[in-house]
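Let us walk through this structure step by step. Keep the sequence and the 3D view side by side.

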Amino acid sequence: MRICRFGNDRIGLVRGDLVHDVSDVLERLGVHRYPLPRYDLLLAALDDLLPEFEAAAALVEGIPFNGLELLAPVANPGKIVAAPVNYLKHLEEARTDSAIHHQNQVGEIDRVGLFLKATSSLVGASHGVSLRFPDRRNDHEIELVAVIGRVADRVSASRALDYVAGYSIGLDMTVRGPEERSMRKSIDTYSVLGPMLVTRDEFGDPAGVALELTVNGEPRQIANTRDLVLSIPELIERASRYYTLQPGDLIYTGTPEGVAAVLPGDTITASIERIGTIEVAVTGEVAESDA
Ligand code: MN
């Protein structure tokens, strides 16, 4: 099944070129009071809601998917986990480009482990990326994102995919410089997710999936998840060894080679096999806000 979030926080079931608005089913999530749980309410209930989404979709006309304002398909992830340098060819390019390897932050993922991005950086594809420091180098990174569906505490790689609700396309945007990754990659709008969540059963095996990113139509990243250093099950095993993964947590699985700068006015087009395509506009902030 394919689920998107669009417009004014509507939830849609995607079938072909059409979207069926099934937002009424969200009434089932009930009313929550302070303090709110640290997981995504929809992802925590997804297994129960999927049949209801199907039933609701049968009762409403579809609307065209193209042209919808697409929000991040997960509204409230408790964590955004990300893998640094998880493709060998990206490790090679990072080691040979001083603009990327600044202060030698590039290590083997097996040694340095994972990092976290602020959840406030998350936007949908239609929102676009706003470069906070346009005078510095800002790079695109296309990544397959695994969305966690069940509480995962110290799970083994052999069972890890059972804890995944589905997959989506991610952009892990990066400003280059000496700061920690968690700072450089947590700028508002620097985590893009979309265009929809494809459930695990529909998506199938996340190994051997093709990724492609172009900027203004020019190919930049063409890769395949078969070349991941740590596979998605291994990433989940590694992450959940340190912290419990909750429904809605996002695992950005790392960028392949071909990272390069984007500038205000650019359009990033990112496609992943079996999911689809996101088109993301890049803008630059002209003034600092005191708001
Ligand atoms: Mn990345």
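The model is predicted. Begin with the overall form. The protein chain folds into nine helices and 19 strands. Its C-alpha trace spans about 55 × 45 × 40 Å along the principal axes.

Of the 291 residues, 53% count as buried. The protein chain exposes about 13400 Å², and carbon and sulfur atoms supply 49% of that area. Among contacts with a separation of 6 or more, 78% join residues 24 or more positions apart.

Turn to the start of the chain. Strand S1 covers residues 2-6, and five of its five residues are buried, so the rest of the structure largely encloses this strand. Both faces of S1 are covered. Arg2, Cys4 and Phe6 lie on one side, Ile3 and Arg5 on the other, and all are buried.

Which strands pair with S1? Strand S14 (residues 191-199) does, in the antiparallel sense, over two bridges. There, Ile3 stands opposite Leu197. Strand S2 (residues 10-15) also pairs with S1 in the antiparallel sense, over four bridges. In this pairing Arg5 stands opposite Ile11. S1 and S2 form a hairpin with three residues between the strands, and Gly7 takes a positive phi near 55 degrees in it. Strand S5 (residues 70-71) is another antiparallel partner of S1, with two bridges. Phe6 stands opposite Leu70 there.

Next comes an open sheet. Five strands make it up, in the order S9-S19-S18-S15-S16, with mixed pairing. Strand S9 (129-131) and strand S16 (218-224) are the edge strands, each pairing on one side only. From one strand to the next, the twist averages 20 degrees. Within this order, follow S18 and S19. Strand S18 (residues 267-272) pairs with strand S19 (residues 276-284) in the antiparallel sense, over six bridges. Ile272 has Gly276 in S19 as its bridge partner.

Now focus on Phe115. This residue is found in strand S7 (residues 115-117). Is Phe115 buried or exposed? Its relative accessible area is 11%, so Phe115 counts as buried, the cut-off being under 20%. Val81 is 34 residues away along the chain, yet the C-alpha atoms of Phe115 and Val81 are separated by 6.0 Å. Leaving aside residues up to four places away in sequence, Phe115 touches Ile80, Val81, Ala82, Ala83, Pro84, Asp172, Arg181 and Lys185.

Technical notes. Residues are numbered from 1 along each chain as its sequence is written. This is a predicted model: local features need pLDDT of at least 70, side-chain atom pairs count only at pLDDT 80 or more; totals for chains, interfaces and linings use all residues. Side-chain values use heavy atoms; hydrogens and water are left out. Two strands pair if DSSP finds at least two bridges between them. Axes are lines fitted to C-alpha atoms, for helices over the stretch in contact, and angles run from 0 to 180 degrees between N-to-C directions. Buried means under 20% relative accessible area, exposed over 50%, partly exposed in between (1.4 Å probe, protein chains only). Contact means heavy atoms within 4.5 Å. Accessible areas come from the Shrake-Rupley method with a 1.4 Å probe; for residues, only the protein chains shown count as cover.
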